[in-house]
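Please read this report with the chain in view, and follow each named part as it comes up.

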Amino acid sequence: MFAALRQPLARASASKPLARAFSAYSPAQNAVAPTKSPKLEYLLLETRGRVGLVTLHRPKALNALCNGLFVELNQVLKELDDNKDIGAIVLTGSERAFAAGADIKEMKDRNFIENYLEDFLGHWTQITKIRKPIIAAVNGFALGGGCELAMMCDIIYAGDKALFGQPEIKLGTIPGAGGTQRLIKAVGKSKAMEMCLTGSVNLTAEEAERAGLVSKVLPADVVVDEAVKTAEKIANLSQPVVQMVKDAINQSFEIPLSAGLTFERRLFHSTFATKDQKEGMAAFAEKRKANFTHN
Ligand SMILES: CCCCCCC/C=C/C(=O)SCCNC(=O)CCNC(=O)[C@H](O)C(C)(C)COP(=O)(O)OP(=O)(O)OC[C@H]1O[C@@H](n2cnc3c(N)ncnc32)[C@H](O)[C@@H]1OP(=O)(O)O
């Protein structure tokens, strides 16, 4: 049982071929159709201009986040993050489910010692180390780890039928990937407590938008395209400056205000060392569109 759980991790981490397979769908190519790589079991990978579009694809299990899926996700996101032709990423699921949570069947027989010694699901946090902006385009269920995965992204767009919830308590466990930490920052203490303590209070897309968890609600069939449009806009701004913004905003969750303001000011100063700042401000003065070169 546990050998089976560990197997996909061992396969992927030992496998350079997996990385090479992703390169076959090089984001350098424009508008590559959604592709199921023979090496990708749980994801579809597509590029649109400077945007990498990653689709969770485990339809029979409502994109339940099994170990193999997360290993692939980490690998693909790292490849996109390292690719100079990509400036932003969109992560989505299916119309029925962004993700229905961690894979309950896979984890149900695990024990504490194994979890602790192996740092079970510790690799889920790697997505928070991706430097490029990630937009989650959420349709359908975003439950448990699915809601937490969306919250690890930088922006969330929701389809009008999306549903956000943290039902872990009904399984006899607690949210373990940010549900008790990130959710409260997005929706406040009372709503976060209600969601996590009952496990059955879910937020509709509109409620999530009102609460601040989601930045935009859109018809389900356009949410991915709209997320890609926003991602493309971001991807064509100055890459180093975009990453500084992401870095500065994320620091606000980690450090006191005074330190955050100093960090922000230093980054602001440093933008003046970039060609893109010169170009951006010159373009404004000359009443023309800026042409950023990511330098
Ligand atoms: C540092 C990192 C730490 C990480 C810690 C992470 C902690 C996270 C924990 C969790 O996420 S626990 C899981 C939380 N999610 C749930 O409890 C939701 C479970 N699913 C459901 O309640 C329902 O499936 C649904 C979403 C309400 C949909 O119901 P519906 O009746 O429409 O479909 P089903 O027939 O139930 O599902 C279809 C198919 O999908 C399988 N499935 C659904 N969710 C999961 C899941 N989370 N894990 C595994 N499998 C799932 C379901 O079993 C069905 O499959 P079959 O039985 O037909 O083969």
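Among contacts in the chain between residues at least 6 apart in sequence, where contact means heavy atoms within 4.5 Å, 66% join residues at least 24 apart. This is a predicted model, in which local features need pLDDT of at least 70 and side-chain atom pairs count only at pLDDT 80 or more, while totals for chains, interfaces and linings use all residues. Residues are numbered from 1 along each chain as its sequence is written, and side-chain values use heavy atoms, with hydrogens and water left out.

**The chain as a whole**

The secondary structure comes to 13 helices and 11 strands, where helices (H or I, at least four residues) and strands (E, at least two) are DSSP runs numbered from the N terminus. Of the 295 residues in the chain, 46% are buried; buried means under 20% relative accessible area, exposed means over 50%, and partly exposed lies in between, with a 1.4 Å probe and protein chains only. Helix α6, which covers residues 145-152, is mostly covered, since 8 of its 8 residues are buried, among them Cys147, Glu148 and Leu149.

Arg131, Asp154 and Lys185 supply 51% of the area that domain 1 buries against domain 2, more than any other three residues.

**Salt bridges**

A salt bridge is a side-chain nitrogen of Lys or Arg within 4 Å of a carboxyl oxygen of Asp or Glu, and by this rule the count comes to 13 salt bridges, while the count between domain 1 and domain 2 is 1 salt bridge.

| Salt bridge | N to O distance |
|---|---|
| Lys78 and Asp82 | 2.6 Å |
| Asp154 and Lys246 | 2.8 Å |
| Glu286 and Arg288 | 2.7 Å |

Why are Lys78 and Asp82 separated by about one helical turn? They are 4 residues apart in helix α3 (residues 67-82), and therefore about one helical turn lies between them. Lys78 counts as partly exposed at 46% relative accessibility, and Asp82 is also partly exposed, with a relative accessible area of 44%.

Asp154 lies in the loop between α6 and β8 (155-159) and Lys246 lies in helix α11 (residues 239-251), so this pair ties together parts that are 92 residues apart in sequence. Asp154 counts as partly exposed at 31% relative accessibility, whereas Lys246 is buried, with a relative accessible area of 11%.

**Two threonines in helices**

Thr271 is found in helix α12 (residues 257-271), and it counts as buried because its relative accessibility is 12%. Leaving aside neighbours within four places in sequence, Thr271 is in contact with Val241, Met244 and Gln277. Thr230, in helix α10 (residues 223-235), counts as buried at 16% relative accessibility, and Thr230 touches Ile135 and Tyr157, not counting residues up to four places away in sequence.

Definitions and conventions. Buried area is the accessible area (1.4 Å probe) that two parts lose on being put together, summed over both.
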